[in-house]
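Open the model in a viewer and keep the selection panel at hand. The stops below say what to select and what is found there.

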Amino acid sequence: MTDMQRKISRRELLKNTTAAGLATATAFVPMHPAIAQQAKVKIGLLLPYTGTYAALGHNITDAMKLGLAEAGNRLGGREFELVQLDSEADPAKAAANTNKLIVGAKVDFLSGPVHSGVAMAMAKIAREEGTITIISNAGANAVTREMCGPNIFRTSFSNWQVCFPMGTEMARRGLKRVVSVTWNYAAGKEMIGAFREGFEKGGGAVLKEILVPFPNVEFQANLTEIASLKPDAVFAFFAGAGAVKFVKDYAEAGLKARIPLYGAGFLTDGTLRAQGSAAEGVFTTLHYADGLKAPANTRFREAFKKATGRDADVYAVQGYDTAQLLIGAMAKVKGDSGATKALIGAMEQARFDSPRGQWHFSKSHNPVQDVYLREVRNGDNAVIGVAQKAVSDPGTGCGTA
Amino acid sequence: MPSLPRAILILLAVATIALAAVPFVGDRFHVQLITQIMVLATFAMSLDLLVGFTGLVSFGHAAFYGLGGYSLAILTRDASLVSMWATLPLAIIACGVAAAAIGCLSIRTSGVYFIMITLAFAQMAYYFFNDARGFGGSDGLYINAKPQLSVAGVTLLNLHNRTALYYVVFTVLVGSAVFLWVLLRSPFGQVITAMRSNEGRTRALGFPIGRYKFVSFCLAGMLAGLAGYLGAVQFGYVNPAHMAWRESGRVLMVVILGGTGTLFGPVLGAFVFVFLEDLLSGLTEHWLMIMGAFVVAVVLLLPNGIAGLLLRLTRNSSGVRPSDDAVIEAPRMLDVTARSGPILETESLTKRFAGLVAVNLASLRFEAGKVHAVIGPNGAGKTTLINMLSGELSPTDGHIRYKGIDITGRSPDFISRLGVGRSFQVTNIYPSLSCLQNCRIAAQSRLPSSMRFFRPASQLAKVACSAHFALDRCGLAARCHEPASALSHGDRRKLEIAMVLATDPELFLLDEPLAGMGAQEGREILRLLKAIARDHTLILIEHDMDAVFAIADTLTVMVNGEVIAAGPVDQVRADRAVQDAYLGHRDAAE
Amino acid sequence: MDPGAIAIQLLNGLQYGLLLFLIAAGLTLIFGILGVINLAHGSFYMIGAYLAYWLSEKTGSLVLAVAVALPASLMLGWLVERFAISFLYQRDHLHQVLLTYGLILIFNEFQRILWGNDVHGVVLPTALVGVVQLTELQSYPVYRLFISAVCILVAVGMYLVIHGTRIGMMIRAGSSNREMVQLLGIDVGRLFSIVFSAGAALTALAGMLAAPINSVYPGMGENVLIISFVVVVIGGIGSIKGAFIGSMMIGLADTFGKVVVPELSSMVVYALMAAVLLWRPRGLFGVKAS
């Protein structure tokens with residue numbers, strides 16, 4: 001295999017050293033180069049492979065590889081290669097990195113990133129260059145609103161989308177006075193803004209919006225403040241290490257028993273093992289839940305576990321759906337990756353039977369999808385209902401809408 | 001800045017031509033990549049002005065880079081103002097103002113504290129743009145209208161065009177290099193370089209070093225802002241992350257990797273760093289480990305960076321040519337008429353250190369045109385006294401008047417400019433500079449201002465003249481192009497005296513000029529001092545009594561911080577108290 | 001804020017400050033005595049946390065994990081000093097910054113290779129689970145009080161060592177005048193080794209103690225690095241007392257900043273440092289450099 005792999009591009013292809021990476025990497029390197037007449041389709045991935053968000057980057061990538069492998073490692077009958085680039089989740093490097101993939105590696109498709117700031121830079125350049133770009137995580141509202149573009153799709157979520165339903169749900173539950181808490185950065189502000197919109201619509205009032213300096217994880221002062229405000233409930237958005245710390249501190253401070261904790265799904269996704277019992281009883285909304293009882297989900301989770309040895313999560317699902325989007329559209333144009341118009345048309349028409357349920361694109365290219373209400377029970381995000389069916393981001397300010 | 005070996009000059013010329021040719025031969029990606037590198041190189045050079053030449057290690061330089069970009073983003077937000085004529089100067093002014101504000105607060109600190117205070121201000125700028133509403137927060141801002149350069153309605157340059165942008169950035173890079181090169185040869189540049197090499201000496205020569213650091217900080221900030229402006233133009237996107245400490249650290253890495261204090265080093269550093277990142281990040285998932293190992297290896301194996309390696313390789317073959325100097329003009333005659341009346345007076349001068357009284361109520365009169373020796377056993381407070389007279393120490397109490405002007409507690413540079421020069425107990429020179437350069441810096445301090453940025457300092461005839469004259473008087477004329485570090489101990493002391501002479505002082509303070517000299521060296525220095533005494537007032541501390549009696553007109557005797565006697569030599573020698581307390585002991589001891 | 005809330009916030013601030021002290025104490029000693037700017041200091045914090053996580057998973061006991069991890073990190077500190085830092089004593093600060101930055105990258109990748117990218121939690125010893133009820137709604141976790149107690153013990157222990165032993169005398173001499181130690185004929189190499197290893201181990205201990213409440217994640221070292229430098233600089237380089245006062249100030253400023261001026265809270269600690277340096281350019285208890 002090594003000869004072939006070197007040919008693909010020693011420089012651009014990130015060789016995974018994990019067992020999972022190797023397994024899938026071998027899977028997409030063709031063993032019989034007989035059909036390799038046409039140039040390969042290039043898919044650029046700009047994701048964090050190092051640093052705090054590395055786990056997300058790897059899950060998205062590995063799920064994409066899984067999806068592509070299931071489709072016989074062909075896109076519209078053509079071979080392809082993944083050009084992986086470490087984004088380091090650093091917006092300062094994002095523009096240069098995007099440029100490297102689009103102009104340098106001349107990728108046909110671009111996908112990524114995790115960080116919203118990186119997504120903003122990526123969307124800007126992708127719009128100018130016209131490369132079809134699939135955002136596989138970052139939720140910045142603007143990407144499918146004022147900054148939307150015909151060649152930009154998002155297979156994940158918008159920040160608004162996952163939090164607005166929680167606002168209406170909490171109001172429905174009769175909660176009146178709520179404190180929201182998040183990091184002081186764009187994604188956090190968008191999340192609690194959407195929550196507030198939904199909550200106030202339902203007649204609730206947000207007592208206070210607490211913004212914690214990013215990426216500070218010292219929450220004790222804020223918890224004391226929350227306790228003295230005596231709200232009916234708390235709505236929180238944190239992710240990764242911050243989520244673990246906040247949920248544990250919240251429980252430790254004895255608040256969980258008195259003031260129920262609600263949040264955006266990322267508060268308890270991929271972090272439950274680290275949070276342990278502290279997360280029990282936390283309510284969250286998200287467009288996915290591990291325990292969704294859909295055949296597509298069960299099948300996907302088993303396959304992902306088999307391929308990587310890890311449990312799938314929402315990020316993996318987003319990566320998997322990104323692969324499905326590519327497979328479907330490329331099949332429609334019979335592998336002609338230059339037929340941008342036709343590809344965009346095919347993508348807009350795409351219907352997904354995804355592990356997360358049925359979904360399709362809105363006019364502004366954001367998923368129209370169900371948002372589930374989940375409760376942590378026995379160390380699992382158990383689905384207790386649908387907070388809102390077929391949630392569609394308003395797409396305000398999008399020219400294509 | 002020492003002149004570069006020919007091989008490196010040729011290398012740089014070839015590299016410049018190659019860069020100019022890139023858009024003709026390179027593909028689109030490499031044109032963009034090199035644009036990006038040249039922006040980083042300009043940014044790195046601006047930091048080198050601080051780190052490598054001024055001796056200020058800033059860990060917050062990215063704040064100015066980011067601010068340059070943000071200025072553009074904010075100015076062009078409603079796309080009404082896209083002229084480069086307006087946006088570029090405004091962006092640079094904004095950075096200049098910010099640098100002035102941060103600079104005037106930061107330069108009070110030094111060393112690691114300076115590193116940290118610049119970090120603090122940069123982090124505050126980062127959080128300001130990250131938190132404040134209206135600047136796009138952590139998602140950043142787009143620049144949708146790229147600036148244009150037009151004259152009378154004709155668009156000359158549209159930075160949307162990548163080739164145009166390439167050449168603008170190229171011009172800025174070359175222009176910045178030339179600007180900095182000129183700057184470093186100017187009187188201003190000579191001062192900051194000297195300051196980096198020996199701050200205390202520079203202050204004692206009469207330079208207000210704070211002001212020089214401040215100007216350097218502002219210039220570097222504005223240049224960084226220019227780089228930031230271009231960086232923002234290139235990708236049309238700014239983000240607070242451009243101001244974060246990681247970016248400041250990154251550019252610092254580029255400068256150190258390339259070689260500080262060389263200007264071309266940081267440019268090479270930028271190329272190597274970016275190409276290395278480009279190469280490694282595609283190689284393996286654990287590319288940062290290789291990057292780390294590379295960085296460690298560079299530190300251990302190439303202490304002066306890539307530029308240091310190149311210099312080492314080329315120096316052997318070509319050797320350093322001495323730079324050509326201005327013709328020596330006839331020395332200006334010094335005012336040799338001896339003054340009468342006190343040139344310096346102190347009144348109840350007292351210095352206490354945490355309970356210990358170093359100098360107590362010293363009231364002294366030093367007549368002009370004489371040689372005054374201050375003697376006393378170790379710990380008598382002699383050096384403390386001199387340090388107060390020269391402004392290195394601020395008195396706890398009392399007054400000092402120089403020619404009737406109260407100079408109590410004034411800064412060393414102020415006192416020096418009034419005409420008080422001093423030498424130190426431990427010879428205090430610029431070891432890395434040549435003898436002539438040492439004296440030139442000193443002579444330059446007598447210019448009305450060294451805040452001159454363009455004309456080479458070596459062309460200042462008056463300065464060269466004073467410098468040569470001073471070297472000549474001290475018998476170092478033949479060695480004027482040798483580096484000071486190559487001199488013998490005695491010659492270094494002579495050089496220091498020459499430096500002080502070059503500042504054209506009226507009053508000369510000397511702290512143990514004969515300390516550590518061999519017998520022959522001591523005699524030479526003594527002869528030199530006698531010659532100088534013909535047209536200067538001297539106050540000297542000395543332990544060598546034979547020397548003191550050979551040269552001094554008056555004696556001041558200090559014991560335990562008290563002045564126990566002062567007056568003409570013979571009178572003090574005859575003083576019983578002095579004999580008992582000091583001279584007697586000396587005779588007994590020797 | 002009512003007096004009760006203020007009192008609790010005070011407690012929060014002091015507790016955070018104590019943890020910072022444990023990290024900053026090692027840093028300030030290394031800084032003051034070895035004269036080395038050690039950017040890799042945060043990596044020891046991360047390594048401590050990961051060792052606590054890994055060993056407590058293996059052994060099932062945090063106490064046992066700490067007992068094994070502490071000597072291990074002492075050893076690691078010794079190795080790093082011997083094979084990297086010791087080459088830098090005669091060098092410019094800039095080289096130290098560059099080299100220790102390189103070490104950060106290397107340590108981070110080792111962490112990823114050994115322990116992966118996931119966020120991990122560490123289970124508390126059962127004896128330390130529980131809360132102290134302060135008011136009807138406010139309670140305080142026992143473990144946080146325990147951490148504070150350990151930090152105070154370490155601080156007192158350091159005070160005793162520094163003021164009551166021969167090595168402490170050398171440390172004191174070294175932090176006020178480095179040249180002096182060399183002149184006194186003390187084996188400087190050994191002193192430096194000891195100080196560096198001890199500083200590394202203290203920081204690793206902070207990581208271990210914080211692991212159960214902070215969780216363990218990639219890149220955690222960098223987050224504490226800058227803040228501990230802030231503490232050291234406020235207190236004055238080389239001063240243990242300064243590090244203690246500095247960490248208390250930062251702990252309180254951060255805590256009250258979040259509550260009193262939430263919109264400026266991210267800048268509070270940096271503004272405090274800038275203000276201190278403007279007032280005293282060498283920090284609160286900094287010694288005059290030669």
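Two residues are in contact if their C-beta atoms, placed from the backbone, lie within 7 Å. This is a predicted model, in which local features need pLDDT of at least 70 and side-chain atom pairs count only at pLDDT 80 or more, while totals for chains, interfaces and linings use all residues. Residues are numbered from 1 along each chain as its sequence is written, and chains are lettered from A and ligands numbered from 1 in the order in which they are written.

**Stop 1: chain A against chain B**

Select chains A and B. Their contact takes 30 residues from chain A and 24 residues from chain B. On the chain A side, select β2, α4 (91-104), α5 (116-129) and α7 (186-201), each of which supplies at least two residues. Helices (H or I, at least four residues) and strands (E, at least two) are DSSP runs, numbered from the N terminus. The most comes from α4(A), with seven residues. By class, the side of chain A that touches chain B divides into 15 nonpolar, eight polar and seven charged residues. Here Ala, Val, Leu, Ile, Met, Phe, Trp, Tyr, Cys and Pro count as nonpolar, Asp, Glu, Lys and Arg as charged, and the others, Gly among them, as polar.

**Stop 2: the sheet of chain A**

Now select the strands of the open sheet in chain A. Five strands stand in the order β2-β1-β3-β4-β5, with parallel pairing. Because β2 (80-86) and β5 (152-154) of chain A are at the edges with a single partner strand each, one side of each is left without a neighbour in the sheet. Neighbouring strands of this sheet are turned by 20 degrees against each other on average, direction ignored. Two strands pair if DSSP finds at least two bridges between them. Axes are lines fitted to C-alpha atoms, for helices over the stretch in contact, and angles run from 0 to 180 degrees between N-to-C directions.

Zoom in on β3 (residues 109-112) and β4 (residues 132-135) of chain A, which run parallel and are joined by four bridges. Which residue of β4(A) is the bridge partner of Ser111(A)? That partner is Ile134(A).

**Stop 3: the two domains of chain A**

Colour chain A by domain: domain 1 covers 2-157 + 293-368, and domain 2 covers 160-286. These bounds come from an automatic or database domain assignment. Nine residues of domain 1 of chain A are in contact with 12 residues of domain 2 of chain A. The domain 1 side of this contact has four nonpolar, four polar and one charged residue.

**Stop 4**

Select chain C, which has 11 helices and two strands. Its elements run α-α-α-α-β-β-α-α-α-α-α-α-α from the N terminus on. Along its principal axes the C-alpha trace of chain C spans about 60 × 50 × 35 Å.

**Stop 4**

Move to chain B, with its 22 helices and 15 strands. The C-alpha trace of chain B spans about 90 × 55 × 55 Å along its principal axes.

Six strands of chain B form an open sheet in the order β11-β12-β13-β8-β14-β15, and the pairing is mixed. The edge strands, β11 (420-423) and β15 (562-568) of chain B, each pair on one side only. On average, neighbouring strands of this sheet are turned by 15 degrees against each other, direction ignored.

Select β12 (residues 507-511) and β13 (residues 537-541) of chain B: five bridges join these strands, which run parallel. Leu507(B) has Thr537(B) as its bridge partner in β13(B). Next show helix α14 (residues 382-390) of chain B, which packs on the sheet and touches β8 (371-375), β11, β12, β13 and β14 (554-559) of chain B. The direction of α14 makes about 150 degrees with that of β12(B).

**Stop 5: chain B, the domains**

Colour chain B by domain: domain 1 (16-242), domain 2 (339-419 + 506-590) and domain 3 (427-504). The C-alpha centres of domains 2 and 3 of chain B lie 26 Å apart. Their contact takes 11 residues from domain 2 and 10 residues from domain 3 of chain B. Helix α19 (residues 519-533) of chain B gives the largest share of the domain 2 side, five residues. That side of domain 2 of chain B divides into six nonpolar, three polar and two charged residues.
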